[in-house]
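Subject: Structure handover

Hello,

The structure I promised is placed below. My notes on it follow; please read them with the model open.

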Amino acid sequence: MAGRYSAAVAVVIVFGLVVLAGEASLYTVGNAAGWDISADLPSWAAGKLFYTGDVLLFTYSQYHSVNIVDKNGYDTCNASNAFQRSTGGNTSVALATAGEKYFICGVLSHCLGGMKLHLHVSKKVTAAAAPSPAPELSPVVPSSLPTPASVNNGADFPQDNGSSKSLRICNLLTSLALLVCVIF
């Protein structure tokens, strides 16, 4: 019973984090083949759009490594000046900045055999970064019409002050928490 509860809580937490993260995508590099010499990495990347905030998951064996390099390192399969090197078998790389990104396997023959990846990362445009519309002019209301307070019997209606997304997320997480409580 405790195992089911822990698993359900973990699912709720992970789901909540994905919702809070917004629209970021998680990509498993090479799909089922993973980060391996057998993967067709250029075809895997073709047609995909990568944005800041997205995460790449490299899954690979002990015979490989993931090296983040510059264009010269990518072109020459030289990992000696890598910005980052990972050998753990599962490496997550968050695409934090826009621009060209280059990844190679540190084993020269693997890199020369095609185990390298070049991506273009675009900056994600969020609703907060979009220009706001011009303010609307308030219409003149004749004094003979009822005021809003008299129409709704004095009840206040919530105003959309930009927090509606946060409110939806809180409502979603509350619903998920209630679902977990009902299950147990």
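Predicted model: local features only at pLDDT ≥ 70, side-chain atom pairs only at ≥ 80, totals over all residues.

Two strands are counted as paired if DSSP finds at least two bridges between them. By that rule, strand 4 (residues 66-69) and strand 7 (residues 99-104) are joined by 3 bridges and run antiparallel.

Overall make-up

The protein chain has 6 helices and 8 strands. Along the sequence they follow the pattern α-β-α-β-β-β-α-β-β-β-α-β-α-α. Of the 184 residues in the protein chain, 27% are buried. Taking contacts between residues at least 6 apart in sequence, 70% join residues at least 24 apart.

An open sheet is formed by 5 strands, in the order 2-8-7-4-5, with mixed pairing. Strand 2 (50-51) and strand 5 (84-86) are at the edges; each has a single partner strand, so one side of each is left without a neighbour in the sheet. Strand 7 is also joined to strand 8, by 6 bridges, and these two run antiparallel. How many residues of strand 7 are buried? The count is 5 of the 6, so strand 7 is largely enclosed by the rest of the structure.

Lys101

Lys101 is located in strand 7, and its bridge partner in strand 8 is Leu119. Lys101 is buried but has no salt bridge. The nearest side chain of opposite charge belongs to Glu100, 8.9 Å away, whereas a salt bridge would need the charged atoms to be within 4 Å. What the side chain of Lys101 does have is a polar contact of 2.7 Å with the side chain of Thr97. Leaving out residues up to four places away in sequence, Lys101 touches Leu95, Leu117, His118, Leu119 and Val121.

Nonpolar cores

The largest nonpolar core contains 21 residues, and those with the most contacts inside it are Trp35, Leu56, Phe58, Phe103 and Leu117. Two or more residues of this core come from each of helix 2 (41-45), strand 3 (55-59), strand 4 and strand 8 (116-122). Apart from this core lies another, of 6 residues, including Tyr74, Cys77, Ile104 and Cys111.

Which residues does Leu56 contact, leaving aside its neighbours within four places in sequence? They are Tyr27, Val29, Trp44, Phe50, Thr91, Ser92, Val93, Leu95, Phe103 and Leu119.

Leu26

Leu26 is in strand 1 (residues 26-28). Is Leu26 buried or exposed? Its relative accessible area is 59%, so Leu26 counts as exposed, the cut-off being over 50%. Asp54 is 28 residues from Leu26 along the chain, and the C-alpha atoms of the two are separated by 5.9 Å.

If you want a place to begin, look at strand 7, with 3 bridges to strand 4 and 6 bridges to strand 8, and then at Lys101 within it.

Regards

Key: Residues numbered from 1 in each chain as written. Heavy atoms only, no water. Helix = DSSP H or I, 4+ residues; strand = E, 2+ residues; numbered from the N terminus. Core = buried A, V, L, I, M, F, W, Y, C linked by side-chain atoms within 4.5 Å. Buried < 20%, exposed > 50% of the residue type's maximum accessible area, 1.4 Å probe, protein only. Contact = heavy atoms within 4.5 Å. Lys, Arg positive; Asp, Glu negative; His and termini not counted. Polar contact = N/O pair within 3.5 Å; in protein donor to acceptor, adjacent residues only side chain to side chain.
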